Amino acid sequence: MTLPQQSAGRDISPSSADSPADEAAGRGLWGHVLRRCVLVPLIVLTPLLGVAPRGDHRFNIYWHGGMFLDHPLRIVSHTIGTGETYLRLGNFRPLGRMLEKALDTLVLVGAEQLHLSPAIMLRVVTAGAAVLLTLALVIFAESLLTRGPLFGSAPSLVALLLPYAVAGAFVAAGRNSTTTLFGGLYLSTTAVVLLVAAATCRLERLRWWHAVLAVTTGGALAVVNEPAYFAVPLATVAVLVRGWFVTGRRGRDLLRSAGVRLAVLLWAGFLPVFGIVRWIIRGYCADGGCYHGSDIAVDGRSLLIMPARMLAWLPPAQWEAATAKTPGDWLWGVVPLVGLGLIALLGLRTIKALKRVKRPGAGSLTGLAIAAAALLVFGALPAALSVEVHDYFDMRALLTEGWRDSAVTAPAGMLLALAVALLITRRSFVPVLLGVFVMCAAVSATANRAYADASASWASSQLDNRIAQSVGGFERSTAGNARRCALLTEALRELSGEPARQKRLTESLDAAAHALAGVPYCAGGSR
């Protein structure tokens with residue numbers, strides 16, 4: 001089938017005029033894309049399944065899980081009840097905290113139902129969020145590139161290659177990377193950002209309920225977390241880019257479009273809530289004493305951090321951070337060979353589908369690259385303004401290690417790289433480009449294995465994994481209680497001199513034990 005071409009090299013995507021045979025073929029190719037969105041990230045992240053929980057996850061998966069295992073709706077009332085406390089600390093993210101608590105509860109539910117270690121379930125939830133993010137990025141890209149119904153015709157070449165590209169960026173780039181810490185929260189938040197932008201730029205006719213939903217959504221995004229703030233500006237960029245580069249709208253026609261009006265309504269809901277919250281926080285935190293992780297600073301160092309964080313998503317840089325503490329040659333072993341074999345097999349089947357998909361024109365790819373670059377800038381901004389990053393990251397860490405911004409910058413960077421690569425290469429080079437992404441994903445899986453090997457040797461990780469196993473396979477016998485008491489004693493000894501964290505650990509484990517078995521974690525033992 002020959003596709004009509006727009007002026008200036010832009011493609012017109014197939015519309016509802018496609019034949020039934022074309023529509024059936026398109027649905028088959030969409031199935032191919034969706035399977036890759038699931039399988040490739042899972043292969044890359046599987047080596048991290050045994051990595052122990054760290055940071056607040058050492059407590060929260062037990063505390064939140066135990067509190068809400070039997071009463072999940074209490075997540076709402078509990079979050080509202082503690083909202084003022086967090087507001088006074090300069091950290092007001094009620095919807096984000098609800099999402100975090102729901103994910104922690106899901107971890108303990110999975111551990112209970114499958115009799116698995118909560119540590120393993122935590123990584124399963126993170127992998128699920130990575131799959132959701134990959135799907136959302138494909139939908140976002142196709143929403144920009146496609147003129148007709150989104151799933152009414154075959155996907156573009158971008159959709160076919162994107163799962164391999166994005167999976168290559170899911171690297172355990174240090175202890176603060178979103179693949180190892182708060183991955184479920186931040187990866188799923190980024191998926192929401194992308195889906196909001198995709199829905200906004202696809203709107204063809206604005207109805208009254210769209211307006212109500214847009215204002216409500218804008219206000220809600222202001223109380224999720226920092227990455228969610230950028231859903232509204234990204235939606236605005238996406239609408240303008242799609243209108244200019246894909247549908248060919250100009251001037252008043254573009255500014256009066258349903259998508260632009262919807263974006264304005266998102267801003268109308270977002271700005272008042274965001275402004276009021278920041279004004280209240282400023283009053284509480286003007287004299288210091290608030291949560292350090294939420295402090296912001298605008299200075300000369302911000303100008304250095306911004307470009308560094310815009311480059312830290314590059315897989316080779318992340319590989320260095322993931323393997324920094326791995327002795328020997330980390331590129332060899334069973335996992336690298338199996339990972340490469342599985343991803344290469346998927347890639348070989350994708351090669352057969354390359355000739356059956358459309359390649360977007362230069363104008364459409366330019367628009368996609370602009371949107372991806374905007375998302376990359378938005379993603380790097382929180383790190384550039386964060387006092388925590390200013391204080392604890394040296395220049396090497398800024399260029400290699402992951403942080404909460406990685407959930408945004410990694411997919412944005414890979415989308416930008418793919419759009420630019422398709423812009424500057426010929427169609428005959430596409431199989432080579434696919435091969436590059438396949439190798440990148442395979443090496444990322446290998447780097448994750450190397451990180452898992454290194455973390456498994458840490459005494460703290462071994463202890464945290466043993467505690468997680470004792471919760472997942474909860475023994476109700478006297479001997480089981482004795483073993484748990486010994487683990488708790490060892491953990492409290494490791495936290496000596498930190499009474500607040502000792503109390504938090506004990507209460508968290510008790511909450512999980514009461515929810516799972518109706519007894520304390522350590523009944524009558526020495527603490």
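Begin with the crossing of α9 and α13, which is right-handed in this predicted model. To see the pair, select residues 208–221 for helix α9 and residues 258–285 for helix α13, whose axes come within 7 Å and cross at roughly 40°. That angle makes α9 oblique to α13. With both helices displayed, show the side chains of H210, A211, A214, V215, T217, G218, G219 and L221 on α9, which form the contact together with L262, L265, L266, G269, F270 and V273 on α13. Sorted by class, the residues of this contact of α9 with α13 comprise 9 nonpolar, 5 polar and no charged.

Follow the chain onward from α13 and select D287, which sits in the loop between α13 and α14 (300–311). D287 is exposed, its relative accessible area being 79%. If you also select L69 and draw a line from C-alpha to C-alpha, the two residues are 39 Å apart in space, while 218 residues separate D287 from L69 in sequence.

Next, select residues 231–246 and residues 362–385, which are helix α11 and helix α17; they pack at an angle of about 165°, with their axes 9 Å apart. The two helices, α11 and α17, are therefore roughly antiparallel to each other, and their crossing is right-handed. On the α11 side the contact is made by P233, L234, V237, V241, F245 and V246, and on the α17 side by G363, S364, T366, G367, L368, I370, A371, A374, L375 and F378. Here the residues of the contact of α11 with α17 divide into 12 nonpolar, 4 polar and no charged.

The crossing of α22 and α23 is left-handed. L463, R466, I467 and S470 in α22 meet R484, L487, E490, A491 and E494 in α23. The contact of α22 with α23 has, by class, 4 nonpolar, 1 polar and 4 charged residues.

Which residues touch the most other members of the largest nonpolar core? Select F140, V158, L161, L162, F170, L422 and Y521, which hold that place among the 141 residues of the core. Helix α6, spanning residues 118–145, gives the most to this core, with 15 residues. Centre the view on L161 and, leaving aside residues up to four places away in sequence, you will find that L161 touches L354, L418, L422, V430, L433, L434 and F437. Apart from this core lies another one, of 11 residues, and a selection of I305, A384, F393 and L398 shows some of those among them. In soluble globular proteins, nonpolar side chains tend to be buried together.

Finish with two backbone details. Select H115, in the loop between α5 (94–114) and α6, where phi is near 55°, a positive value in a residue other than glycine. Then move to F182, in the loop between α7 (157–167) and α8 (183–202), which likewise is not a glycine and has a positive phi of about 55°. Is each of these residues buried or exposed? H115 is exposed, with a relative accessible area of 63%, whereas F182 is buried, with a relative accessible area of 16%.

Conventions. Residues are numbered from 1 along each chain as its sequence is written. This is a predicted model: local features need pLDDT of at least 70, side-chain atom pairs count only at pLDDT 80 or more; totals for chains, interfaces and linings use all residues. Side-chain values use heavy atoms; hydrogens and water are left out. A crossing is left-handed if the near helix is turned anticlockwise from the far one by less than a right angle, and right-handed if clockwise. Helices (H or I, at least four residues) and strands (E, at least two) are DSSP runs, numbered from the N terminus. Contact means heavy atoms within 4.5 Å. Ala, Val, Leu, Ile, Met, Phe, Trp, Tyr, Cys and Pro count as nonpolar, Asp, Glu, Lys and Arg as charged, and the others, Gly among them, as polar. A nonpolar core is a set of buried Ala, Val, Leu, Ile, Met, Phe, Trp, Tyr and Cys residues joined through side-chain atoms within 4.5 Å. Buried means under 20% relative accessible area, exposed over 50%, partly exposed in between (1.4 Å probe, protein chains only). Axes are lines fitted to C-alpha atoms, for helices over the stretch in contact, and angles run from 0 to 180 degrees between N-to-C directions. Angles under 35 degrees count as roughly parallel, over 145 as roughly antiparallel, 65 to 115 as roughly perpendicular and the rest as oblique.
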